[in-house]
Amino acid sequence: MATKHLITVSDDSSDEAVRSTCDDATVCKRFAVSKGYWKDPYIQHFIRQPSERKAPEISRGYYARVKGVNLLLDAFIKKTSCNCQVINVGAGLDTTFWRLKDENLLPKKYFEVDFPMITARKIHLIKTKPPLSKPILETHSSNNLKIDGYDMDSDHYSIIGQDLRDLPVFVEKLKKYGLDVKLPTLLMAECVLVYITLEQSVELVKWASSSFNTCMFINYEQVNMTDRFGQVMIENLHRRQCNLAGVDFCKTLDTQKDRFLLNGWDQADALDMMDVYNSLPQADVQRIELLEFLDEKELLQQLLQHYCICWATKGGSPLGISEMTFGSV
């Protein structure tokens, strides 16, 4: 996609490798759901059941990721009484919109942004599968969804095909589909910012902090990437032509937090996924640990210590947003 000066990861093979991580994540989630780690009746409509099993540590890692991100997302929506908007960047084939609708937690508007090739595929699946389209139409004031090429818009849900690295066009499209800068706003990114340059992610983070009086950012991605385990992860991704242009922000939990603290956010916190896993409701953790036998717990620990959730807030004190932690939600 032509994006002029902002792109350094510009060759098609690199972008294609990044796009392929969307399917990787969806396959892993579908397998974990089939094993009972969490419920998601919608993911089956986006991808076939994988023919090969996934290692238990992979499923437990995705369980921690999904549960951890959802805890913070749901807490934000509840604290605003759904009077907010959510922008999911690099959303892929994510099913969060449908979950929020089922749980009566829909924000005023839920935006998803991803590569046009991915959004076109998602929109096609929505159009052709009634279990996906029906919930959207139920929240929409007319019988027709607005579909324009790689974009779809309804009253509460927009899918936007746009390269995140061209920020002016990204913002322009959000506004076109109803972005309200006066609303409390949550941005979320899962393994997305690591694929864009440091300058590009700072530009995004600065835009968010300067655009909304009350806002939060949830970022899930790699951390502790300077040790041997981290270096092997980087080498494996490079072999797949995935260029980690933003990996310098993934050195430590402090570098993750500094990305926000140095660019207009009031406060930031971060936990590696081992700490997140240990902070989740332990009755449910004990339930999922009985689903599959885990041979080497050390491998799970190593894996989880190399991913993290970082969350940053600006404003929102009257709503209690700035005090949110895993212990409090």
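Me: The charged end of which residue sits over the ring of Phe-46?

Reply: A charge sits over a ring if NZ of Lys or CZ of Arg is within 6 Å of the ring centre and within 35 degrees of the ring normal. Here the residue is Lys-122, whose charged end is 5.6 Å from the centre of the Phe-46 ring. Likewise, the charged end of Arg-19 sits over the ring of Phe-115, 5.0 Å from its centre. This is a predicted model, in which local features need pLDDT of at least 70 and side-chain atom pairs count only at pLDDT 80 or more, while totals for chains, interfaces and linings use all residues. Residues are numbered from 1 along each chain as its sequence is written, and side-chain values use heavy atoms, without hydrogens and water.

Me: How many aromatic pairs does a search of the whole structure find?

Reply: Rings of Phe, Tyr and Trp (its six-membered ring) pair if their centres lie within 6.5 Å; planes under 30 degrees apart are stacked, over 60 edge-to-face, and the rest tilted. The search finds 12 aromatic pairs. One of them, Phe-97 with Tyr-157, is stacked, at 4.2 Å centre to centre and 5° between the planes.

Me: Are Phe-97 and Tyr-157 buried or exposed?

Reply: Buried means under 20% relative accessible area, exposed over 50%, and partly exposed in between (1.4 Å probe, protein chains only). Phe-97 is buried because its relative accessibility is 0%, and Tyr-157 is buried, also at 0%.

Me: Which residues form one aromatic cluster?

Reply: The cluster consists of Tyr-42, Phe-46, Phe-97, Trp-98, Tyr-110 and Tyr-157.
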